[in-house]
Amino acid sequence: MKQPNKLIRNFCIIAHIDHGKSTLADRLIEMTGQVSKRDMEEQLLDSMDIERERGITIKLTPVRMFYDADDGNEYIFNLIDTPGHVDFTYEVSRSLAACEGAILIVDASQGIEAQTLANVYLALENNLEILPVINKIDLPSARPEEAKKEIEEVIGLDASYAPLVSAKEGTNIKEVLEAVVKYFPSPSGDEDAPLKALIFDSYYDNYKGVILFVRLKDGRVNVGDKITTFRSDKLYEVTEVGVFAPSLLPKNGLAAGEVGYIAASIKSIQDVAVGDTVINADNRAKEPLPGYKKVQPVVFCGIYPLDGSRFNDLKDALLKLQLNDASLVFEADTSQALGFGFRCGFLGLLHMEIMQERLEREFNLDIITTAPSVSYKVIKTDGESLFVDNPSHLPPVSEIDYMEEPIVHADIYSPPDYLGQIMDLCRDKRGVFEQMTYLDANRVQLEYKLPLNEIIFDFFDQIKSRTRGYASFDYELTGYERSKLVKLDILLNGEVCDALSMIVHEDSAYSRGRTLCENLKDAIPRQLFEIPVQAAIGGKIIARETVKAMRKDVLAKCYGGDITRKKKLLEKQKEGKKRMRTIGSVEVPSEVFMQILKTNKD
Amino acid sequence: MAGIYVHVPFCKSKCRYCDFTSFPDKIGFAESYMTCVYREMLMRKEELSSYVFDTLYIGGGTPSVIDESYIAMLVAAAKKYFNLSKNAEITIEINPGTVSASKIELYKQCGINRFSVGLQSAVDSQLKDLGRCHGLNEFFACAKLLRGENFSVDVMIGLKGQSLGDIEKTIEVAAGSGASHISMYALTPEDGTPIFTDYLNGELPDGDEVAEMYAFGVKKLRGLGYERYEVSNFCKKGKESRHNLNYWQRGEYIGFGVSASSHIKNVRFTNTFDLDEYFKCILTNHLPVIDREEVDRDGQKEESIMLALRTAKGLDITAFDAEFGTDFLGDYKSAIEKNEKYLEISDGHLRIKDEYLFVQNTIICDFLS
C-alpha cells in the first residue's frame with residue numbers, strides 16, 4: 001500500500017452567481033504563479049463565449065497550480081470549477097465527487113443565497129471539508145461579521161477562521177491559499193491498488209478523440225496502458241495522459257490523488273459516460289467508484305434545423321454537446337410544421353437556452369425551437385399509462401382518463417418587503433403555500449408547492465422583476481399530481497400548427513389562448529390574404545385574431561436603369577422568405593415559434 | 001431595342017426625398033461636366049458601332065437647370081457618335097420654374113420630342129414639404145410652354161398630410177395640362193434623406209394608406225383615359241415611354257455621366273457616383289465604371305421575370321422560352337400554382353392580376369431561385 005502524495009489538495013469553489021468565484025479563481029492562479037499575467041485572459045476559467053457574456057460558469061474547467069506554502073513545502077492544488085446556477089446541480093455533484101474540499105464564497109454584502117445553500121448541502125453530503133471565504137470586503141456595503149454570523153446560523157459551520165478577502169483587489173488571497181493547505185485533507189487512496197479513476201467530464205477533440213477528465217482514486221495510469229470502464233466492454237490503449245496547466249500538459253503518468261486527463265483514441269461518444277470509473281484492463285478493480293445519480297431532464301422542447309437539409313449537422317452537433325454534457329438527452333422527432341428534428345430534454349430553462357445558443361454559435365446552425373414543455377403522465381381509459389412531453393403526441397381526448405403533472409417544492413428567499421408580490425405570483429401560478437420561515441430580520445424563506453409547467457415559462461423572470469432582483473429561488477421535483485390539463489391548439493388559416501400546441505391547465509387555457517393569438521397576430525407578417533389566428537381546445541375555438549392582408553409590397557420607384565439594386569432588394573426579401581416555414585398556406589418566420597413563450601402581451 | 005441614358009447631376013436645390021446623384025452647389029461645373037460626357041460618348045463609340053438606338057433619355061438631377069446649349073450639343077453628340085434611329089424617342093426631364101419659351105424651343109429644334117415634368121403635387125404646402133423649388137403656378141406656366149407637345153408628368157402619393165382629395169386634384173391638374181403620360185410614384189423614404197426623419201417620426205402615411213391612395217389614383221387615372229402599363233406608369237393609348245419599356249423588357253442600354261447604369265451584352269455596370277472621380281477618369285481616358293456584374297443565365301431569367309411582372313402586359317412566355325430554351329410553364333410550375341390566385345395567363349402572357357400589382361414583391365420572390 002502506498003499513500004497518495006500528501007502535498008496534493010483537490011478542491012472546488014462554491015458560490016452564488018456573481019459572488020466572485022471566477023475572480024477568486026483567477027487570483028489563486030496568479031498567486032501560485034502557474035499562469036503568467038500576460039497569458040491570462042480576464043476570467044480565465046470561463047472559457048466559453050456564452051459563459052463570458054453571461055458571467056456564469058457552466059462547464060467544469062480544472063486547473064493545476066503549484067504553491068510554496070509557509071511550511072516550506074510545495075503543494076499541488078487542483079481546482080475544479082463548479083457551475084453556480086440551479087440548473088447545473090448535476091454538474092456540481094460531479095465536480096464535488098472529485099474533491100476533498102470546497103471553498104464557499106460568500107458575498108460580504110449579500111450573505112448566502114438559496115442556490116449556494118443547495119450546493120453547500122451537496123458538498124456536506126459528499127463529506128467535503130468546507131472553507132468559508134468572505135469576499136468583496138472592499139465594498140462600502142460589506143458586512144463581513146454579519147456574513148460570518150449567517151454562515152454559522154444557517155449552515156452551522158465555524159466561520160471564525162474564514163479569510164476576509166477582496167478577490168477583485170487581490171486582498172488576503174495568501175490567507176486563502178494557506179487555509180487550503182491547512183484545512184483541506186490530502187487525498188486518500190492507494191497508489192499500488194488497481195486503477196480506479198472517476199470520469200468527471202469529457203470533451204471531443206478532433207485529433208485525440210474523446211478526452212476524459214479524471215480524478216484518480218486508486219492506482220496509476222501510464223501511456224500504453226490498456227484501459228476500459230466499468231460500464232463498457234471496449235478496450236482502449238492510453239495514448240496520452242496529463243494535467244491541466246490549465247491547457248492540456250502531457251505527462252508520463254498519473255497516480256492516485258491526482259486530477260488530470262486521459263486520451264485513448266476513443267472515437268465513439270457513447271462509449272464513455274461521465275460518472276463511470278476507468279479501470280486497468282489487465283488488472284481490474286473489483287468495485288466501481290460511486291457514480292452520481294443520473295438526473296432526469298425536466299424541460300423538453302423540439303429543436304429543428306431552419307434549413308431542413310441540415311438535419312444531420314444538427315444531429316452531429318447534439319451528439320458532440322452530449323459528450324460534454326451527459327444531462328442533455330434527445331431523440332429524433334418530426335413535426336408537420338417544422339419537418340425533421342429532435343425532441344430534447346434539459347435540466348432547466350437556462351440549460352435549454354445555453355444549449356440553443358451553443359448550437360447556433362459553436363456549430364453555426366440556425367435552429368427553430370418549440371415551446372418548452374414538461375413531461376406529463378397520461379392515464380388512459382384502458383388503464384394504460386404513459387409519459388408525454390410533446391403535446392402533439394397526446395392521445396385523443398376520448399382515450400384519456402386523466403392526466404398528472406410534475407410538481408415541485410420551491411424555496412424562495414427574499415427580503416420581507418416583497419412577500420406580497422411573491423405570494424401573488426405563486427397564486428397566479430397555481431402555487432400552494434406550505435411554510436414561511438424568518439431566517440433573520442432581512443430574509444424570509446417561503447416554501448411553495450408549484451406545478452413545474454408554471455415555472456418553465458416566465459416564473460424566474462417574474463420573481464426577479466417583482467422583487468427587483470432581491471429574491472432567489474430554487475426548486476426540486478417532488479412527484480406527480482392529478483390535474484385538469486387540456487391541450488391548447490393554435491390554428492393558422494384554419495389549420496392546426498402542431499409546433500405551437502401546448503398543454504395547459506384548464507383554468508388558464510382561455511387567457512393563454514387569447515394572449516397567444518394576440519402575440520401571433522403581431523409576429524406573423526402580413527401576407528396576400530387575410531389569416532385567421534385561432535386558439536382551440538379539442539375543436540372548440542376559444543380565441544381569434546386576424547392578420548390583415550398585405551396591401552403594399554412593391555418597389556414603387558423602379559425607374560432608372562439601376563436594376564441591380566432592385567434585384568438585390570428582392571433577393572434580400574427572398575432570403576427572408578427562406579427563413580420561414582410554410583404551415584398550410586401561411587408563411588411563418590422562425591421567431592414566431594418563440595412567441596409562445598411570452599405569457600404577457602408586450 | 002436599345003437606349004441611351006445621360007445623367008445630368010445638377011439641380012437648383014436638393015429635394016428632401018431625393019437620393020439620386022445630384023449636386024445643387026456645383027452648377028458651375030456644368031460646362032466641364034458636359035464636355036466630359038461628350039468625351040465619354042466618344043470613348044464608347046467604337047464598341048457600340050453595331051447598335052441602333054431607339055431612345056435617348058436625359059435625366060437627373062434637373063437637366064433643365066443647365067444652359068440649353070449644352071443639351072443641344074449633347075443631342076448632337078449622341079447623333080454624331082451613335083446610330084440613333086430616325087424616329088427615336090428623345091426625352092428630357094424638366095422642372096417647373098427652370099424653363100423658358102426659348103429653352104423649350106431650342107430643345108425642340110435639337111430633336112427632343114418628349115418631356116418629363118416633375119409636378120409631384122398640386123398642393124403648394126406639400127411641394128414645400130418635399131423641398132421642391134416651385135409652386136403650382138410655375139407648373140401651369142411650364143405646361144403652357146409645352147402645349148401640343150408629347151409630355152409626361154410625375155406625381156407622388158404617400159406624402160405627409162396628403163388626402164385622397166389632394167391626389168384627385170393633382171391628377172386632374174396633370175391630366176388637364178395635356179400630358180400624354182403620367183407617372184404616379186409612391187414616396188419612398190430612403191435612409192439618409194431628410195424625409196427619412198419624417199418617416200421615423202411617423203408623419204408619413206403607412207403602407208395601408210398608401211395602398212388606398214394608389215388604388216384611388218389608379219381609378220382616377222383610368223377614368224381620365226390613362227391606362228396603367230406598369231406599376232407606376234400610365235398613359236394615353238400608344239404613349240408609353242419607350243425608354244422605360246426597354247428597361248422592363250431587359251433591353252440593352254448605355255448610360256453616360258456620373259452614377260449612370262448600363263446593360264450591354266448581359267453585363268450590368270455602373271459609373272462612379274463621385275463627380276471628381278468622374279472628371280479624373282475621363283480626363284485620363286479611362287471609363288468611369290466602378291461596378292460590373294456579368295449576369296449569368298439564371299440571373300437573366302430572374303431579371304426577365306422580375307421586370308416583366310411589373311408591367312400590365314406581363315411576361316411573354318413564348319419569347320421567354322425562345323430566348324432561354326426553357327419550358328416556362330413547366331419550370332415555374334410550383335411558383336405559378338402557389339400564386340394562382342394572383343396570376344393570370346392569357347394571350348401567351350403571364351401577368352399579375354390587376355388588383356395584386358401593388359403587392360407584387362411577394363409573388364415575384366417565388367419566381368427567384
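Predicted model: local features only at pLDDT ≥ 70, side-chain atom pairs only at ≥ 80, totals over all residues.
Chain A holds 14 helices and 32 strands, and 48% of its 602 residues count as buried. Among contacts in chain A between residues at least 6 apart in sequence, 70% join residues at least 24 apart.

**A five-strand sheet in chain A**

- Look for five strands that form an open sheet in the order E2-E3-E1-E4-E5 (chain A), with mixed pairing.
- The edges are strand E2 (63–68) and E5 of chain A, each of which pairs on one side only.
- From one strand to the next, the twist averages 30°.
- Strand E3 (residues 74–80) of chain A pairs with E1(A) in the parallel sense, over five bridges. Here you can find A:Cys12 opposite A:Ile80 of E3(A).
- E4(A) and strand E1 (residues 8–14) of chain A also pair in the parallel sense, over four bridges. A:Phe11 has A:Gly101 of E4(A) as its bridge partner.
- E4(A) runs parallel to strand E5 (residues 129–135) of chain A, and seven bridges join the two. In this pair, A:Leu104 stands opposite A:Pro132 of E5(A).

- Strand E4 (residues 101–107) of chain A is largely enclosed by the rest of the structure, because seven of its seven residues are buried.
- In a regular strand, side chains alternate between the two faces of the sheet.
- Both faces of E4(A) are covered. On one side sit the buried residues A:Gly101, A:Ile103, A:Ile105 and A:Asp107, and on the other the buried residues A:Ala102, A:Leu104 and A:Val106.
- Helix H5 (residues 144–155) of chain A lies across E4 and E5 of chain A, at about 155° to E5(A).
- Helix H6 (residues 173–183) of chain A lies across E1, E2, E3, E4 and E5 of chain A, and runs at about 165° to E5(A).

**Helix H9 of chain A: one side in, one side out**

- Helix H9 (residues 419–428) of chain A has A:Ile422, A:Leu425 and A:Cys426 among its residues, and these three are buried. They lie on the same side of H9(A) because they cover an arc of only 95° around the axis.
- Turned away from that buried side is a face with the exposed residues A:Gly420, A:Asp424 and A:Arg427.
- The cover over the buried residues of H9(A) includes strand E22 (400–414), strand E24 (443–451) and helix H11 (459–466) of chain A.
- After H9(A) comes A:Arg430, which has a positive phi, near 65°.

**A helix pair in chain B**

- Helix H2 (residues 68–81) and helix H3 (residues 101–110) of chain B have axes that come within 9 Å and cross at roughly 10°. With that angle, H2(B) is roughly parallel to H3(B).
- H2(B) brings B:Glu68, B:Ile71, B:Ala72, B:Val75 and B:Ala76 to the contact, while H3(B) brings B:Lys103, B:Leu106, B:Tyr107 and B:Cys110.
- By type, the residues of this contact between H2(B) and H3(B) are seven nonpolar, no polar and two charged.

**Where the chains touch**

- Contacts between the chains involve 21 residues of chain A and 32 residues of chain B.
- On the side of chain A that touches chain B, there are nine nonpolar, three polar and nine charged residues.

Notes. Residues numbered from 1 in each chain as written. Chains lettered and ligands numbered in written order. Contact = placed C-beta atoms within 7 Å. Nonpolar A, V, L, I, M, F, W, Y, C, P; charged D, E, K, R; others polar. Buried ≥ 20, exposed ≤ 12 C-beta atoms within 10 Å, placed from the backbone. Arc of directions from axis to C-beta. Pairing = 2+ DSSP bridges. Axes fitted to C-alpha atoms, helices over the stretch in contact; angles between N-to-C directions. Parallel < 35°, antiparallel > 145°, perpendicular 65-115°, else oblique.
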